[in-house]
Amino acid sequence: MPKDTFYITTAIDYTNSAPHIGHAYEKLLADVIARYQRSCGKEVYYLTGVDQHGQKVQQSAEREQIPAQEFADRNTAKFIEMWQLLGLQYDGWAATTHPQHKAVVQAILQKLYDAGQIYKATHTGYYSVRQEQFLTDKERNEEGEFGPEWGEVEEREEENYYFKLSDHIEWLKAFVHAHPHFVYPAFRAKELVNALERADAIDLCITRPKSRLEWGIEIPFDTDYVTFVWFDALINYISFAGYLKDEVAVDTAGLPDFEALWPADVHLIGKDIMVPAHAVYWPIMLHAIGFPDEAMPKLVVHGFWNDKRGEKLSKSEGNVIDPATRVERFGREGLRYYLMSAIATGRDADFNDERIEDAYSQDLAKNLGNLLNRSLNMPKRYRERVLTKDADYDDDLNREIRETFTTLPERVAEKMANYQVNLALEVIWSALTLCNQYVDKTAPWALAKDENEAVRLDSVLYHLAEAMVHAAFHIAPVMPETSQRMQDQLNYHFPEGFTVADLKWGLLPDGHQLGEGTPLFPRLT
RNA sequence: GGGCCUGUAGCUCAGCGGUUAGAGCAGGGGACUCAUAAUCCCUUGGUCGUGGGUUCGAAUCCCGCCGGGCCUACCA
């Protein structure tokens, strides 16, 4: 039975540096999906947050001689500031230093330890003293040696705790085989299947001795160790959803009801952290904890933004994209529209400033903004802004407009079911183009000159204004403020709790008085 | 080394075995005036990265090569 809640999460960002366009894209996509589901009447819970622990945070903090928490908090503030800039509306904030989260992580570790899923073992390997980490063959350079960037490399032994990943690999293979929609899109699911086929049954090291990493969650059964990355970070998806909140009630203020939310409808992640973290460790952790197959979350894997030459964005290349400067030029919603329209969910895309410029002036200023403006201006000139609802006139052009807008919700839903926001926008924009063509074909300025065409003019003006109301509804997930401004200008506001099921033709009453039209997206200078 | 994705008009992409390869934007021409010189109509433009192969038929399937990207299980 489908639940009427919709639980969506994103990866939680590492607080070692400031947010960039990739972080922004992921959180924005989640925001749009969340708003869309809400507009469909779902009770939505959108969780995002930050991963604050770990060695890099500890090292950076030491370098600046400040406490790790202070360092993490400072970067956390940059993320929050960015999310405000983008107008994100999330319901839960997962910061991994939160006491309730720590307590849940510890409770889970204890439970798995008691169940014999965690054991202690010794690892011998090459260790970089400077970087304070063990090195693997991947760190070797082309000559097969560890380069000077690692400093002094020595052979070292270390005891750690391991999680019995190997016990569950066969289960995971069977699960993935039986649940082809565990990962979206399909080609990523294929990638996972291939990765699992070649997988060795290796266990996962889940601790670090405090002697080299203190900035983490202490494991409950051995105070000399803290837990390492994934056992901390991945658990945020359940700890901040209210998991174990009765059993482990340290600080449960504001936590939702876990039973109502779980399983997550969407774990939105980047392609870089699918294998092994989210598609191997995470389902196995849940399975080991005792979650049944039907309580496994769904993964939605998105692609990356590259630069306009198709090359990776990176600090060292000097081609990073700062969202703030684009917001300054194109407005918050100009950037939101571009980031949602110019990439196919799951694929990579090239970030191109000329394309944002085009999207802003063509799609937003002209096709949408100017359409609203003309739709408001003609009633103002010819009818003192008052609409007549059931004018005694109809024809094929009118019917086409009504049909297009009454079928729009299902056509948008078809695309949104696969998170294809870009295609949903395309469908919406083709309806806007139809409106522009409609104005041209009906030529209201000509009708206005002929008294015999008065009823027809009434019907045209009504169809246009009503279409704009519907458009305001459909663009809302991507551009909530623009939707609001359209409603203001149309002098019609969707009532509280209005959903797509209420979106019927004829929302504007007879005698409706339209508001004043002002450009939604002023021309760029 | 292995896996997955990707290379199609100037740009961003769709098409993924079958009539003359499509869309949006940009470029060119025309119409119209309600509007943020806006909208509408028409139009220029491509040996589908490259070399082979399979097939009656390939952008579409297979193999090699070249370019771009992600992952490869204890470096978010």
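The structure is a predicted model, in which local features need pLDDT of at least 70 and side-chain atom pairs count only at pLDDT 80 or more, while totals for chains, interfaces and linings use all residues. Residues are numbered from 1 along each chain as its sequence is written, chains are lettered from A and ligands numbered from 1 in the order in which they are written, and side-chain values use heavy atoms, with hydrogens and water left out.

Thr-482 lies in helix α17 (residues 480-490); helices (H or I, at least four residues) and strands (E, at least two) are DSSP runs, numbered from the N terminus. The relative accessible area of Thr-482 is 1%, and the residue therefore counts as buried (under 20% relative accessible area, with exposed over 50% and partly exposed in between; 1.4 Å probe, protein chains only). The side chains of Thr-482 and Glu-333 make a polar contact at 2.6 Å (a pair of N or O atoms within 3.5 Å; within protein, one must be able to donate a hydrogen and the other to accept it, and residues adjacent in sequence count only if both atoms are side-chain atoms).

Attention now turns to strand β3 (residues 43-51), where eight of the nine residues are buried. Two strands pair if DSSP finds at least two bridges between them. Strand β1 (residues 5-10) runs parallel to β3 over five bridges, with Thr-5 opposite Glu-43. Strand β4 (residues 92-95) is also parallel to β3, through four bridges, and here Val-50 faces Ala-95.

At the domain level, chain A is assigned domain 1 (6-303) and domain 2 (353-502), with bounds from an automatic or database domain assignment. Their centres, taken over C-alpha atoms, are 44 Å apart. Between them the domains bury about 1100 Å², 73% of it on carbon and sulfur atoms; buried area is the accessible area (1.4 Å probe) that two parts lose on being put together, summed over both. Val-32, Tyr-36 and Tyr-184 supply 45% of the area that domain 1 buries against domain 2, more than any other three residues. Three residue pairs are in polar contact between the domains, both at pLDDT 80 or more. Helix α1 (residues 21-39) provides six residues, the largest share of the side of domain 1 that touches domain 2.
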